[in-house]
Amino acid sequence: MVRAPHHGSRQTYALSPLVAPPPTPVKFFSLLAILVPLASAAADVRLPAILSDHMVLCRTERVPIWGWADPGEDVTVTFGEQMAKTKATPAGKWRVDLDLASSGPGPFELTVEGNNRLVVKDVVVGDVWVASGQSNMDWRVSQSLEANEETARDPNPLIRQFSVRQATAMEPAEDCEGQWIVASPATVGEFTAIGYFFAKSLSSQTGRPVGLLHASWGGMNIERWIGERGFAGDPTLQTRSEEILEQTRASMAEVAAYQTALEKWETARDRTDVRLGDASTFAAPDSSTAGWQPVTLPGTLADAGLPDAGAIWLRRTVDYPKVLSGTQLNVGYPDGFVEAYWNGDRVGNTSPDKLPPGNVVSFFVAENQIHPGSNTIALRLFQSSGGAGISRRDPKSFQIDYGRVKLDGEWLAKVERALPALSPDVLQTRPATPVPVRPAAAPSSMFNAMVHPLIPYAINGILWYQGESNTERAAQYATALPLLINGWRQTWDCPDAVFLICQLANYQKKTPDPGESNWAELREAQSRALALPRTGLAVLIDQGEADDIHPRSKKEAGHRLALAARALSHGEAIPFSGPVFDSQEIVGDTIRIIFRHIDGGLAAQPLPETFRPRSNQPETLPLVKPRPASELQGFAICGEDRKWVWADARIDGDEVVVSSPDVPAPVAVRYAWADNPTCNLVNATGLPAVPFRTDDFPLTTRDAKY
């Protein structure tokens, strides 16, 4: 159990049983309200977004409660019969610690009193886990194969989620935007699927509430999640991160200079963006579309006979399900500055100081802006020089929320203001659009905005599913992942935090011959992190899909993480890992492999005759076994020539004997060493063996650096 540093008074309090809270409308917090300057909230005690209704507090000795108030303001925190008092520092910050080690589950109320009084309702006490990484952690229950089954279940007040709104920051942020939701048929679809099934499995065994602090973002490399203290653990990566940060700041300065120059150029030619009508006339769902003309996007507006300079409105109606955590509106690569509206509400814009034209653009849409069923999207595109439209370079970026709704196709267009064409000579005088280094791509940018604001919330540990975006630099990931683990633990001041890793699932086409694999090298980097204390690995080598980087079923992944949590966090003496390579012994023309975590013995998992490349599609393909006569599949062997061939492998007691008639003098063995291997070694509990190699040959990604 993680213990936060102690800074407050403690006493025990009466316990109460857990009961389901009454239905509460879910509203997304306003970022402006959360980050309002202290000067405008003088004398008011404030709490971070994470300390809010329906939260789960960790059942441990030191649970921080913190916030802001006037310097020197007296603050009193009451939770059950426990009370703690403090004063705000000269910087306007305060913190107390509660002792919840012997607490029942609740629910309780948390009261914070300064010159004002705040009440946080329906607070329960149990386990708290951070769920972070890229898209496979962000993948929701509503997108999983189990969606219908889970949304039909009764509400489960034991499982709750605080979902951090996606954001980036160049410096560590003190707060974020997000909300707690309680699992119910109406909300469960918005839970991180792996996190939800983890919480469900863990709670069913412990009887405790489980809270998930969900902070993930698809397609993001690990360096964006490593904090400053993490990079300090490796001089090479620290130097490189500082170089990229310097380049990012220089790029931001270049964009600022571009903004000034562009404004001067447009003003001199009467081509500034002057509005000729109210936005609601064009963007409101009930506004008339008479006189609008069709246009196909992605594409240029000139292709549809529209002006390619000026202000042009684009509009489309889509069917979209009701969601409770908002969604991402991805409008591709606009050639021009764009302002986006959803059901008449403005959800964002680009501008020279934010993002020059020609870059991929996404906007967040809050849940209270989304209507179940028909929704109206309107884009106001302004281009002062010419070429207005949506670039065709990546139609996949023109969609809503992981492709739930595609946006390519027919839209309606309406001209607000047309600008005359310019001569080539005049166009040449326009300031050149810079190619920015986006702040979102900077190292630590997501840690700063999405993880740092959660600190010092007391937690049991972290669930981590990330690596797909680092496979080209897999060898360096073996350095980066421990930096992240150690850095998070240090910044959180929680050296005992359990860190559980989802190893990359099998993916891409099956290969007929053994060979090299970036994905295998990344998996090895993940397994090497087990050298750190209180770390665990959920092996998913049997859970992936050939044609989908996002396996649709997340239930087994969550279950395997829960086994590791029960063993490493709760101290249960249960099997939580499949067989792990320990050593090899060369005996004549065979190699004997010795394992740890055999837990009742080794076994060959039966393999099916066919498999689906994509689980949500009916097509099946025959499953070709590399060595049809072999008891075990997925083993390769080589001699001094380092030429790998598929091997015969059989179980002999607690060991595996590997050989091939083509390799009379073997030196090394590899198992499941491929992007999408066919393999079937498990232990008696059915947990799959961790992919491994016994050689120390140079990795193919060894020279690829950040």
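How many bridges join β14 to strand β18, and in which sense do the two run? There are 4 bridges, and the strands run antiparallel. This is a predicted model, where local features need pLDDT of at least 70, side-chain atom pairs count only at pLDDT 80 or more, and totals for chains, interfaces and linings use all residues. Residues are numbered from 1 along each chain as its sequence is written, and side-chain values use heavy atoms, with hydrogens and water left out. Helices (H or I, at least four residues) and strands (E, at least two) are DSSP runs, numbered from the N terminus.

**Strand β14**

- Strand β14 covers residues 327-331. Because 5 of its 5 residues are buried, β14 is largely enclosed by the rest of the structure. Buried means under 20% relative accessible area, exposed over 50%, and partly exposed in between (1.4 Å probe, protein chains only).
- In a regular strand the side chains alternate between the two faces of the sheet. Both faces of β14 are covered. Thr327, Leu329 and Val331 are buried on one side, Gln328 and Asn330 on the other.
- Two strands pair if DSSP finds at least two bridges between them. One partner of β14 is β18, residues 362-365. Here Leu329 stands opposite Phe363.
- Strand β21 (residues 398-400) also pairs with β14, over 3 bridges and in the antiparallel sense. Leu329 faces Ile400 in that pairing.

**Helix α11**

- Helix α11 spans residues 518-528. Of its 11 residues, 9 are buried, so the helix is largely enclosed by the rest of the structure.
- The buried residues are Trp519, Ala520, Glu521, Leu522, Arg523, Glu524, Ala525, Gln526 and Ser527.
- What do they pack against? Their neighbours are helix α10 (474-492) and strands β25 (498-502), β26 (535-538) and β38 (692-693). Contact means heavy atoms within 4.5 Å.
- Ser517 caps the N-terminal end of α11. One of its side-chain oxygens lies 3.3 Å from the backbone nitrogen of Trp519. A polar contact is a pair of N or O atoms within 3.5 Å; within protein, one must be able to donate a hydrogen and the other to accept it, and residues adjacent in sequence count only if both atoms are side-chain atoms.

**Cysteines**

- A search of the whole structure finds 0 disulfides. The criterion is a pair of cysteine sulfur atoms within 2.5 Å.
- Cys176 is in no disulfide. Its nearest cysteine sulfur belongs to Cys494, 17 Å away. Cys176 is buried, with a relative accessible area of 3%.
- Cys502 is likewise in no disulfide. The nearest cysteine sulfur to Cys502 is that of Cys679, 17 Å away. Cys502 counts as buried, at 0% relative accessibility.

**Backbone features in loops**

- Gly106 and Pro107 are joined by a cis peptide bond, with omega about 15°. Pro107 sits in the loop between β5 (93-98) and β6 (108-113).
- Another cis peptide bond joins Ile455 and Pro456, where omega is about 15°. Pro456 lies in the loop between α9 (445-451) and β24 (461-465).
- His54 has a phi near 75°, a positive value in a residue other than glycine. His54 belongs to the loop between α1 (31-34) and β1 (56-58). At a relative accessible area of 13%, His54 is buried.
- Ser444 has a positive phi too, near 75°. Its loop runs between α8 (424-428) and α9. Ser444 is buried, with a relative accessible area of 7%.
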